[in-house]
Amino acid sequence: MIDDVSIADRRFMTRALQLAEHGLFTTDPNPRVGCVLVKNNGVIGEGWHQRAGEAHAEINALRAAGRLAKNGAKGATAYITLEPCCHHGRTPPCSDALIAAGVSRIVVAMEDPNPQMAGQGLAQLQKAGMEIYCGVLQMQAEALNPGFIKRMRTGRPFVRGKMAMSLDGRTAMASGESQWITGKDARHDVHRLRARSAAIITGIGTVLADDPSLTVRLDDDVEQPLRVVLDSRLQMPLTAKMLSLPGRTLVLTVNTDEQKAAALRNAGAEVTVVASSDGRPDLSAVLDCLAFHEINEVLVEAGATLSGAFLQAGLFDELVIYMAPLLMGSDARGLLALPGVKEMDQAVKLEIVDVRAVGCDWRLQIKEIK
């Protein structure tokens, strides 16, 4: 379905992908989508999806074309980063709007990953007489929406682990002191990771030791992610800082003490009991719970034990490790707790997919070889 696609088609799709990225921090639980309308080799309308419940990218582009072009989008080509929806949700079907506008050609980066919808929007448009081309810059489109794609295909969110360490692989001094290992540019980059995540997971140990906020502090327009605390025994302090901050805090536990749970709810938390594994929240059950909440991307910001548990369970899709030019010594705390790894053939095999400087630090993007 990508025959007869020109260099110009790829150029306009690149622009649609740039537009989609404007919604990186705001569209959850919906995907980030961009749309460009072109007639006579000129752009007549652009749009992107900004927030769930608001107009989709195609509608915003059609509205722009109605203002800017004579006869609107009639006879135009639409470049869309994701297959147009053909069902009634919080907004009407975009496929119907494209047909009504008289668009004659559709170039799409990728099909809808929802197996119940995939291909139906394109089939409707093709039946209406439009030329359809699918798969243009598909890899780039998939990279914009890893969480939405994974949740639609597998029923679980995309899980990204974030860690910061010294050059000798340490995360804190023996005393627990850790502020700040990395510089301000790396910390700003972490806030961008938080902003694109619908949820941040941490453990009760981190809450008790550091009383973190786990909020996004950027000048950009962002939605605060859901803060998720794994708390086996409901030790969460009622005075924890995050309970008084904007956004939601969800405590996942295996403790059924309703009195403790009620006190936390009165303090501003949501409390949910999940399945247990060795007396702790089962990590697969945790991800299933977050998928139920329509969470697309999860950022794990936790200590060595919880992060190591995610890694050993094979639940990380990606690791982002910030490495600072420091040597913290052999008494400092290590990056991950990986019990049972004693022989070389038990070593966890990783692939570094990107390395770049972030201020005075280095950022390593890593995936596990499964």
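Analyst: Let us begin with a definition: helices (H or I, at least four residues) and strands (E, at least two) are DSSP runs, numbered from the N terminus. Ile 352, for example, lies in strand β17, which covers residues 350-358. The model is a predicted one, in which local features need pLDDT of at least 70 and side-chain atom pairs count only at pLDDT 80 or more, while totals for chains, interfaces and linings use all residues. Residues are numbered from 1 along each chain as its sequence is written, and side-chain values use heavy atoms, with hydrogens and water left out.

User: How many helices and strands does the protein have?

Analyst: The protein has 11 helices and 18 strands.

User: What makes the protein as compact as a globular protein of its length?

Analyst: The radius of gyration is taken over C-alpha atoms, and the globule rule is 2.2 Å times the number of residues to the power 0.38. For 370 residues the rule gives 21 Å, and the protein has 23 Å, which is close to that value; therefore it is as compact as a globular protein of that length. Its C-alpha atoms fill a box of roughly 70 × 45 × 40 Å along the principal axes.

User: Why is Ala 78 called buried?

Analyst: Buried means under 20% relative accessible area, exposed over 50%, and partly exposed in between (1.4 Å probe, protein chains only). Ala 78 has a relative accessible area of 0%, so Ala 78 is buried. This residue lies in strand β3 (residues 77-80). Of the 370 residues of the protein, 51% count as buried.

User: Which residues are in contact with Ala 78, leaving aside its neighbours within four places in sequence?

Analyst: Contact means heavy atoms within 4.5 Å. With those neighbours left aside, the residues in contact with Ala 78 include Val 36, Leu 37, Leu 98 and Ile 106.

User: What makes a group of residues a nonpolar core?

Analyst: The members are buried Ala, Val, Leu, Ile, Met, Phe, Trp, Tyr and Cys residues joined through side-chain atoms within 4.5 Å. The largest such core has 43 residues, of which Met 13, Leu 37, Leu 98, Val 103 and Ile 106 touch the most other members. Helix α1 (residues 7-20) gives the most to this core, with 6 residues. A second, separate core of 33 residues includes Ile 201, Leu 252, Val 274 and Leu 319.
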